[in-house]
Amino acid sequence: MTTFKDLGLSERTLAALEAKGFNAPTPIQERTIPLLIEGNIDIVGQAQTGTGKTAAFGLPIIECAQEKEKRVQALILTPTRELAIQVADEINSLKGQKNLRVLPVYGGQAIHMQFKALRRGVDVVVGTPGRIMDHLQRGTLHIDNLDFFVLDEADEMCNMGFVDDVREILASANTDRRTLLFSATMPREVMRIAKEFMGDYETIKVETQKQ
Ligand code: ADP
Ligand code: MG
């Protein structure tokens, strides 16, 4: 059985995983984490809900991020505010002792609180497309120096009518970032985004396991 240690994670992250009670990687984690830590590759990950996709992209982001960088190093787009909060919480619980600031950014939350947090400096932003667009237009969020751009639940973001915002945000970010796209299904709209906005990418598809 593959362990998290086999995937090339640091001791600090391994300690956080142990504290969280994650004993072994899920199949999507086992396949994406080493590729993202070692190589400079883009990934399309296709796997059903509940297969551990958050840690599949969250752990490599944590490993690659630098402390005290004073720039947004990773932007994660999610379709809903609940998911933005959930993903931010999961990354916070996986970062262990690493000093990284993770901010969920979504509509309905007082925007001046978000301004304040963004001004103080945030390493990882997890947001919904509408509010991220809002910040970009106001000049309160800068995504021109990202290491990672993650589209989480890309099919849901398209279903919810965010496709134009998502495209605009992708087009506003620096192109030398790495782009990771996760989706349970791969409808044409999602395929088109991958073709247009991603470099050479590897597709990692994990079949749903029978219970
Ligand atoms: P997905 O995004 O694929 O729907 P999540 O990342 O939300 O899945 O993970 C589903 C649940 O499984 C979460 O509660 C998460 O904390 C847990 N989980 C993820 N990876 C592991 C693991 N390796 N071991 C144990 N639990 C895990
Ligand atoms: Mg998920």
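Colleague: What volume does the second largest cavity have?
Modeller: About 30 Å³. Keep in mind that this is a predicted model.

Colleague: OK, and which residues line the second largest cavity?
Modeller: Ile-61, Cys-64, Ala-65, Gln-73, Ala-74, Asp-147 and Phe-148.

Colleague: How does that lining split by class?
Modeller: Five of the residues are nonpolar, one is polar and one is charged.

Colleague: How many cavities of 30 Å³ or more are there in the structure?
Modeller: Two. The largest cavity comes out at about 40 Å³.

Colleague: Which residues sit around the largest cavity, then?
Modeller: Its lining is made up of Leu-151, Ala-154, Met-157, Cys-158, Val-166, Leu-181, Val-190 and Ile-193.

Colleague: And what classes are in the lining of the largest cavity?
Modeller: Eight nonpolar residues, with no polar and no charged ones.

Colleague: Which helices supply at least two residues each to that lining?
Modeller: Helix H7, spanning 154-159, and helix H9, spanning 188-197.

Colleague: Which element gives the most?
Modeller: H7 does, contributing three residues to the lining of the largest cavity.

Colleague: Switching topic: what does UniProt annotate over residues 2-30?
Modeller: The record, an unreviewed entry, has a short sequence motif there, the "Q motif".

Colleague: What does the chain look like over residues 2-30, helix or strand?
Modeller: That stretch is 48% helix and 0% strand.

Colleague: How far apart are the end C-alpha atoms of that stretch?
Modeller: They're 7 Å apart in the model.

Notes: Residues are numbered from 1 along each chain as its sequence is written. Chains are lettered from A and ligands numbered from 1 in the order in which they are written. This is a predicted model: local features need pLDDT of at least 70, side-chain atom pairs count only at pLDDT 80 or more; totals for chains, interfaces and linings use all residues. Side-chain values use heavy atoms; hydrogens and water are left out. On a 1 Å grid over the protein atoms alone, a cavity is a set of points where a 1.4 Å probe fits but cannot get out, and a pocket is an open set with protein on both sides within 12 Å along at least five of seven lines; lining residues have an atom within 4 Å of a point. Grid points are joined across faces, edges and corners, and a volume is the space filled by probe spheres set on the points. Helices (H or I, at least four residues) and strands (E, at least two) are DSSP runs, numbered from the N terminus. Ala, Val, Leu, Ile, Met, Phe, Trp, Tyr, Cys and Pro count as nonpolar, Asp, Glu, Lys and Arg as charged, and the others, Gly among them, as polar. UniProt positions are given in the numbering used here, feature names are shortened, and annotations may be inferred rather than shown by experiment.
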